[in-house]
Structure formats: C-alpha cells, structure tokens
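Have the sequence and the 3D view open beside you as you read.

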Amino acid sequence: MGGIGFSISIDGDGDVDTARVAVWEEMRTFAQWFHVLGGKAYDELDHYLDGLEPAAEPHRAGDRRMYWWFPSPAGSCLRSMLAWAHWCAVAVAVDWERVGYVARRHGVTITGPRPEATAGDERFVVLRDRLWLVEDDGLRGDNLLLPLDELTEEETGRVGAARKRCGCVVCAGLRPDPEILAAVLADLHGADDGRAVQAAWHLERMDSVTPEALEALVRVGAQPGRFHYDDFSHPITRCAGRVPGAWTQLMALAPEVGHDGRDMALQALFPLYRAPQRTEDERDAYRAALRAALAEYRSDTAFYLLKDLG
Ligand SMILES: [Zn+2]
C-alpha cells in the first residue's frame with residue numbers, strides 16, 4: 001500500500017489549500033499533546049512526520065472533500081500512516097467546532113457528518129515501549145512484525161483488551177483511563193505552568209469529567225496572574241457542560257474564588273442558564289450574581305454576559 005488519505009466533506013468557495021494546512025496543524029497538535037502523556041513509544045510516530053506535508057498535493061477545484069495524505073512508501077510505514085489517519089478522525093470528532101471554525105476562517109465550510117471518536121477499525125496497543133497496530137495474526141510496527149505466539153501472557157491480555165478498546169494514548173486519554181486521569185490531575189495541581197495548561201486542555205476533551213476535576217480547574221485557573229484567562233476559561237466552560245450538577249456547583253464556587261475564577265465560573269454558567277430544566281429562581285440568582293460581579297469589581301465578563309441576556 002502506498003498511503004492512505006483522510007478527508008472531510010466541505011462546501012464554499014474558500015481557499016481550500018490554506019484551510020487544509022490550518023486544519024492539519026490542529027489535528028497534528030491535538031495528537032501530539034496526547035503523545036506527551038504517552039512517552040517515548042510515540043517518538044517514531046512523530047518522526048514519521050519529519051518532512052511530511054499531508055496537505056501538499058493541491059486541492060482539485062470542484063472537489064467537495066478536502067484531503068490529507070499519509071504515505072507509506074513500499075508499505076514501510078503502514079502502522080504510522082494508519083495511526084495518523086486514526087488520530088485525524090479522532091481530532092475532528094472531538095474538536096469538531098474548533099476545526100469548523102479554523103476552516104471557516106479560510107472560507108471553507110465543513111458539512112459533516114461529524115465522525116465518531118471511536119470510528120474506524122484500527123486498534124493500537126503499546127508494548128515494549130512501542131506502538132503497534134493490532135492485526136488478526138500479530139502486531140505490526142513500521143518494518144516490524146511481532147507474532148502473537150511470541151507475546152507473554154500479560155501482553156496477550158493487553159492485546160485482547162486493545163481489540164475491544166483502542167490502546168493508543170489518544171483514545172486512552174479521552175476515555176480517560178484512570179492512570180492517565182491521575183497523571184493529568186497531578187499536572188493540574190503541580191508547579192509547572194505549562195503542564196497545568198496542558199492538563200486543562202486534556203480535561204476539556206475527556207469523555208467524562210468529575211465535579212472534583214471541575215472544581216480543581218476553577219481553583220487553579222483562578223490563581224491571580226498565573227495563567228492566561230483563555231487557558232482555563234474554555235476548559236471550564238466545556239467541562240461544565242459534561243459535569244452533572246455543574247450549575248449548583250459553580251454557583252456556589254463563584255463567590256469563593258478570585259475575580260478571574262469568578263468570571264470563569266460565570267462564563268461557564270452562561271450556556272447552562274439556557275438549559276430547559278433551569279427554574280426561574282435559578283435564572284434570577286444567576287442574573288443577580290452577574291450584577292454583583294459588575295458592582296463589586298466592574299467585571300467585563302459580567303457586563304457582556306448581562307448584555308447578551310438582554
Ligand atoms: Zn486509538
């Protein structure tokens with residue numbers, strides 16, 4: 001096989017080639033932020049990209065799909081090529097709105113349908129510090145095969161589990177697997193600013209978020225002068241939509257944290273304010289909280305949110 005393409009349906013008369021380059025940057029960054037959690041098993045996968053330009057071949061006018069191409073000359077990079085196509089699909093599925101926004105900046109509309117994050121048949125597993133493609137009769141690296149009968153019992157168990165649920169660090173990080181969640185939360189609470197921001201990015205994308213993680217995001221993001229507002233505001237808003245009871249939790253937490261944290265909590269409550277189950281009392285309390293923030297510290301966030309509420 002000489003390579004594989006990943007594509008999305010599009011519309012509009014924009015600059016598709018520029019959009020393809022920009023969307024590729026999103027997808028690449030998405031996968032590589034997870035690779036940081038995965039360690040050296042992913043080095044080969046990142047080296048595969050050296051000199052590679054998946055959007056280099058010009059878009060054909062009139063084509064209603066935009067493509068990215070992952071080569072495997074003489075079948076030598078089959079595992080890497082399939083892994084990158086897999087991560088592109090997952091990135092687009094998880095960051096659908098973000099990818100659509102990036103494409104629209106170049107006049108290209110992504111028409112969907114939104115892929116499933118679990119789409120595709122490929123399954124991967126990490127064994128012996130290497131990422132393998134799981135096949136029926138063995139494990140495949142680039143230019144490397146590991147027959148199933150050479151695996152230890154423990155490795156056979158891990159391959160069996162990966163056949164059901166992909167064992168790559170992107171899929172494991174999104175679920176998230178418990179040890180990855182623990183590492184991310186440790187980074188969030190740690191002293192390294194860059195790792196804390198990265199942890200917020202990961203939490204924002206996980207399938208499930210706990211109330212404890214949401215509270216940690218608000219409290220860490222609220223530390224005065226430590227982070228850029230957007231580094232935590234977006235993750236808090238997106239996580240709040242997936243945490244049961246986030247409304248009550250954030251309404252209680254907002255007055256306890258500093259001005260930045262309070263603004264972030266008020267911002268995250270805004271989409272929940274519109275939810276059909278919200279009572280009139282709850283909506284009144286939210287508007288009162290916004291007015292209080294405006295009165296107490298002239299909160300810009302509260303000013304614009306009140307304006308949006310009309
Ligand atoms: Zn995977």
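## A turn worth a look

D129 sits in the loop between β4 and β5. Helices and strands here are DSSP runs (helices are H or I with at least four residues, strands are E with at least two), numbered from the N terminus. This is a predicted model, in which local features need pLDDT of at least 70, side-chain atom pairs count only at pLDDT 80 or more, and totals for chains, interfaces and linings use all residues. Residues are numbered from 1 along each chain as its sequence is written.

Although D129 is not a glycine, its phi is positive, at about 60°. D129 is exposed, because 10 other C-beta atoms lie within 10 Å. (A residue is buried with 20 or more other C-beta atoms within 10 Å of its own, exposed with 12 or fewer, and partly exposed in between; C-beta atoms are placed from the backbone.)

R128 is also placed in the loop between β4 (124–127) and β5 (130–135). Its phi is positive too, near 55°, and R128 is a residue other than glycine. R128 counts as exposed because it has 11 C-beta neighbours inside 10 Å. The hairpin of β4 and β5 has 2 residues between the strands.

## Strands and their partners

Strands of a sheet pair through backbone hydrogen bonds, either parallel or antiparallel. In this model, two strands count as paired if DSSP finds at least two bridges between them.

| Strand pair | Sense | Bridges | Facing residues |
|---|---|---|---|
| β4 and β5 | antiparallel | 4 bridges | F124 and L133 |
| β1 and β3 | antiparallel | 2 bridges | D11 and T109 |

Strand β1 (residues 3–11) belongs to an open sheet of 3 strands in the order β2-β1-β3, with antiparallel pairing. Which strands stand at the edges of this sheet? They are β2 (65–71) and β3 (109–110); each has a single partner strand, so one side of each is left without a neighbour in the sheet. Helix α1 lies across β1 and β2 and runs at about 55° to β2.

## Two helices that meet

Now turn to a pair of helices. Two packed helices are described by the angle between their axes and the distance between the axes. Helix α9 (residues 211–221) packs against helix α12 (residues 259–273) at an angle of about 140°, and their axes are 8 Å apart. That angle makes α9 oblique to α12. (Angles under 35 degrees count as roughly parallel, over 145 as roughly antiparallel, 65 to 115 as roughly perpendicular and the rest as oblique. Axes are lines fitted to C-alpha atoms, for helices over the stretch in contact, and angles run from 0 to 180 degrees between N-to-C directions.)

On the α9 side, V218, R219 and G221 meet D260, G261, M264 and A265 of α12. Contact here means that the C-beta atoms of two residues, placed from the backbone, lie within 7 Å. The residues of this contact divide into 3 nonpolar, 2 polar and 2 charged. (Ala, Val, Leu, Ile, Met, Phe, Trp, Tyr, Cys and Pro count as nonpolar, Asp, Glu, Lys and Arg as charged, and the others, Gly among them, as polar.)

Where is P176 placed? It lies in the loop between α6 (169–174) and α7 (178–189). The peptide bond from R175 to P176 is cis, with omega near -20°.

## Stepping back

The protein chain has 14 helices and 7 strands. Its C-alpha trace spans about 65 × 50 × 35 Å along its principal axes. Of its 310 residues, 35% count as buried. Among contacts between residues at least 6 apart in sequence, 71% join residues at least 24 apart.
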